[in-house]
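Subject: Structure handover

Hello,

Here is the structure for you to look through. My notes on it follow below.

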Amino acid sequence: MNILEHLRTSHELCALGVCSYDTLLPHMSEGQRIGITKRIEHARSVLVTVIPYPLDTTNGNLSIYARAKDYHIVLGEKLEATANTLRTAYPEHTFAVLVDDSPLPEVYAASCAGLGKIGTHGLLIHPTYGSYVFIGTIVTDLELPPTGDTPEPCLQCDACRHACPVNLDKSLCLSALTQQGGMLDEEQTALVSAHPLIWGCDTCQLVCPLNRGIQTEPNTDFADNRICSLTLSDLDGLTRKQFLAKYPNRAFTWRGPAPLRRNLTLKDKESQ
C-alpha cells in the first residue's frame, strides 16, 4: 500500500491526490503566492482531498451544503489528522492544512491531482460524487509524485449557464450576494428578492447532467441535526454572539445574522 492509499483509508478520505505546486503558480496572483510562502517557505507538492455531502432535496431556504455541520470543521479535523501522520513519517518536512479560505486555486489543484473535471460553473465535478463535494488541501515542502495531469473540462453543455439567473456572472453570483454583508444596490436587491434561498445557491449544480446518478458516502457529521430553513422569528432579537450560540458550527453563521435577516425581509416584501 502506497502512502496516499494508506492516508486515504486510515483517515477515511473518500479521494486523495497530489499535484505539483509549480503547476499551480501560473494560476495564482502575487498575493496568493505570498500567502503560501508565509505557511510553507519552499512548497513542492499539494495533497488534495474531497469529501461529498448529501444531496438533500428537502424544501428549504438554505443551500444544500450549509444545512449540516460546518464543513470547515469536519474537513479541517480530517486533514489535521492526516497532516499529523505525515509529520510523524517525515519529521524533516512541513505540512500546512488549508480549507476553503485558501490562497490556492483549489478547484484547479483538485483537477490537476486527477480528482475530477472543472465545470463551466467553476466547480469541481468528481466522477463518483459529482460537484457536491468539499475540497481541502495540505501544502508541503515534501516532493510527492503527481497523481493527475492536465485538468479536464466538463461536457460544456452550458446547462448551468442557461439555468443561472445571472448567466454565471461572478460579480452577480447569487451564492455570493446572499452572503454579502451591508446594503445591496437595486440590481442586487432584485436578484436576492427573487431567489428562493436566503443563503447560497444550488441552481447550477441541480441542472448539471454530470450530477445525475451520483453516489454519496455515509457521514454522520453531515447527516445529523440538519437545518433546511430559517425564518425571521428564528433570528428575532439575536445579537451576533447569541446567533452563534444558537447555531454553533454552521457554515451559514460566519457573517452573523444580519445578511440572513436582510434576505428574509426582502422575500417578505416580495411576497406582499
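Start with the surface charge. Asp169, Asp185, Glu186 and Glu187 gather there in a patch of negative charge. A patch takes residues with over 30% relative accessible area and no salt bridge; like charges are joined within 9 Å, and nonpolar side chains (Val, Leu, Ile, Met, Phe, Trp, Tyr) within 5 Å. Lys and Arg count as positive, Asp and Glu as negative; His and the chain ends are not counted. The place of a charge is NZ of Lys, CZ of Arg, CG of Asp or CD of Glu. Areas come from the Shrake-Rupley method with a 1.4 Å probe, and for residues only the protein chains shown count as cover.

Glu186 sits in helix 8 (residues 186–194). Its relative accessible area is 73%, so Glu186 is exposed. The classes are buried (under 20% relative accessible area), exposed (over 50%) and partly exposed (in between), with a 1.4 Å probe and protein chains only. Helices (H or I, at least four residues) and strands (E, at least two) are DSSP runs, numbered from the N terminus.

Two notes on the model. It is predicted: local features need pLDDT of at least 70, side-chain atom pairs count only at pLDDT 80 or more, and totals for chains, interfaces and linings use all residues. Residues are numbered from 1 along each chain as its sequence is written, and side-chain values use heavy atoms, with hydrogens and water left out.

Next, the salt bridges. The structure holds 7 of them. The criterion is a side-chain nitrogen of Lys or Arg within 4 Å of a carboxyl oxygen of Asp or Glu.

- Arg8 with Glu5: the closest N and O atoms are 2.9 Å apart. Both residues lie in helix 1 (residues 3–10), 3 residues apart, about one turn of the helix. Arg8 is partly exposed at 26% relative accessibility. Glu5 is partly exposed too, at 30%.
- Arg226 with Asp56: the closest N and O atoms are 3.1 Å apart. This pair links distant parts of the chain, 170 residues apart. Arg226 is in the loop between helix 10 (220–223) and helix 11 (232–235), and Asp56 is in the loop between strand 2 (45–52) and helix 4 (71–89). Arg226 is partly exposed at 24%, whereas Asp56 is buried at 13%.
- Asp158 with Arg161: the closest N and O atoms are 3.6 Å apart. Asp158 is partly exposed at 25%, and Arg161 is partly exposed at 28%.

Asp56 and Arg226 also belong to a network of salt bridges that includes Arg67.

What is the size of the largest nonpolar core? It has 40 residues. A core is a set of buried Ala, Val, Leu, Ile, Met, Phe, Trp, Tyr and Cys residues joined through side-chain atoms within 4.5 Å. Leu47, Tyr65, Phe134, Phe222, Leu230, Phe252 and Leu260 have the most contacts inside it. Elements that each supply at least two residues include helix 1, strand 1 (15–20), strand 3 (95–99), strand 6 (133–140) and helix 13 (258–271). Helix 4 gives the largest share, 6 residues.

Last, two distances. Asp221, in helix 10, is partly exposed at 28%. Asp221 and Phe95 are 126 residues apart in sequence and 25 Å apart in space, C-alpha to C-alpha. Ala194 lies in helix 8 and is exposed at 60%.

Best wishes
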